[in-house]
Amino acid sequence: MISIQNLTKRYGGVTAVDDVTFDVPRGSVTGFLGPNGAGKSTVMRMLTGLTPPTSGRAHVLGRDYRDLPNPGERVGVMLDASAQHPGRTGREALTLAALTTGVDRSRIDTALGLVGLTDDEAARRVRTYSLGMRQRLGLAGALLADPQVLVLDEPANGLDPQGIHWMRSLLRDFADRGGAVLLSSHLLHEVQTVADDIVVIGRGRIVASGSMEELVAGS
Ligand code: ADP
Ligand code: ADP
């Protein structure tokens with residue numbers, strides 16, 4: 001459902017992403033692991049049409065994101081949890097997201113339920129949220145349209161072990177219903193319990209990929 005082939009991005013003399021190739025098939029969660037500055041966000045920004053590749057291709061559901069009909073309904077994206085509307089309540093932030101993507105507002109309660117934010121929490125301003133609550137709200141936004149694909153940049157950032165466990169079952173469920181998930185992290189423990197496959201990136205290049213067992217075995 002996600003197909004990335006020979007994807008490269010250069011900013012002036014800096015090669016942020018260097019000949020990256022991997023797939024995320026239906027029904028699976030792929031962890032995208034690498035230190036800060038490795039190129040994870042840049043790959044995700046190309047995948048979701050926010051920045052054009054220098055060369056290569058990043059397809060989601062068989063096409064460039066920008067060529068998809070109703071991309072906001074098919075692909076749930078959470079790129080920067082700090083980019084939420086701090087002065088709005090959680091519910092208002094989701095209402096804005098629903099308006100932008102044309103999603104029925106009845107989905108808001110479903111999405112809040114999926115991420116475990118209560119009515120009281122949804123009525124509070126986002127600036128009063130803990131990082132973990134912001135991540136839940138970001139995930140609610142990504143899940144709002146009941147998409148087929150999730151692209152999540154550092155969704156576990158700020159979650160405690162319980163939160164990571166919760167995210168694992170949410171994403172597992174999503175994948176088991178035929179979805180595909182790409183989630184990035186700079187911390188192995190955040191992806192190893194969640195992901196079927198792991199793609200490791202360093203300085204823009206893929207340095208390893210496979211299941212956790214394959215990576216540990218060094219094959
Ligand atoms: P990660 O998400 O793994 O932390 P990024 O994709 O954000 O890594 O960054 C990869 C590299 O590309 C870094 O060296 C970063 O500074 C650089 N980079 C990202 N975006 C830009 C940009 N718009 N202009 C110049 N350099 C950029
Ligand atoms: P993240 O930490 O989520 O990967 P960054 O802080 O690297 O995000 O990037 C945030 C924004 O700044 C993005 O739009 C990215 O393209 C831009 N950016 C990142 N690094 C650079 C850079 N060296 N020069 C110019 N813009 C950059």
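This is a predicted model: local features need pLDDT of at least 70, side-chain atom pairs count only at pLDDT 80 or more; totals for chains, interfaces and linings use all residues.
Local features here need pLDDT of at least 70 and side-chain atom pairs pLDDT 80 or more, while totals for chains, interfaces and linings use all residues. Residues are numbered from 1 along each chain as its sequence is written, chains are lettered from A and ligands numbered from 1 in the order written, and side-chain values use heavy atoms, without hydrogens and water.

Visitor: Which helix gives the largest share of the shell around ligand 1?

Guide: Happy to start there! The residues around ligand 1 (a heavy atom within 4 Å) include Lys40, Ser41 and Thr42. Helices are DSSP runs of H or I, at least four residues, numbered from the N terminus. The largest share, three residues, comes from helix α1 (residues 40-47).

Visitor: How far is the polar backbone atom of Ser41 from an oxygen atom of ligand 1?

Guide: Polar contacts here are pairs of N or O atoms within 3.5 Å. A backbone N or O atom of Ala38 lies 3.1 Å from a ligand 1 oxygen, and a polar side-chain atom of Lys40 lies 2.8 Å from one. For the polar backbone atom of Ser41, the distance is 2.7 Å.

Visitor: Are helices α6 and α7 roughly parallel or roughly antiparallel?

Guide: Good one! Axes are lines fitted to C-alpha atoms over the stretch in contact, with angles from 0 to 180 degrees between N-to-C directions. Helix α6 (residues 131-143) and helix α7 (residues 161-176) pack at about 5 degrees, with axes 13 Å apart. Angles under 35 degrees count as roughly parallel and over 145 as roughly antiparallel, so α6 and α7 are roughly parallel.

Visitor: How far apart in space are Met212 and Asp197?

Guide: Met212 sits in helix α9 (residues 212-217). Leaving out residues up to four places away in sequence, Met212 touches Leu188, Gln192, Asp196 and Ile198 (heavy atoms within 4.5 Å). Asp197 is 15 residues from Met212 in sequence, and their C-alpha to C-alpha distance is 6.6 Å.

Technical notes. A polar contact is a pair of N or O atoms within 3.5 Å; within protein, one must be able to donate a hydrogen and the other to accept it, and residues adjacent in sequence count only if both atoms are side-chain atoms. Helices (H or I, at least four residues) and strands (E, at least two) are DSSP runs, numbered from the N terminus. Angles under 35 degrees count as roughly parallel, over 145 as roughly antiparallel, 65 to 115 as roughly perpendicular and the rest as oblique.
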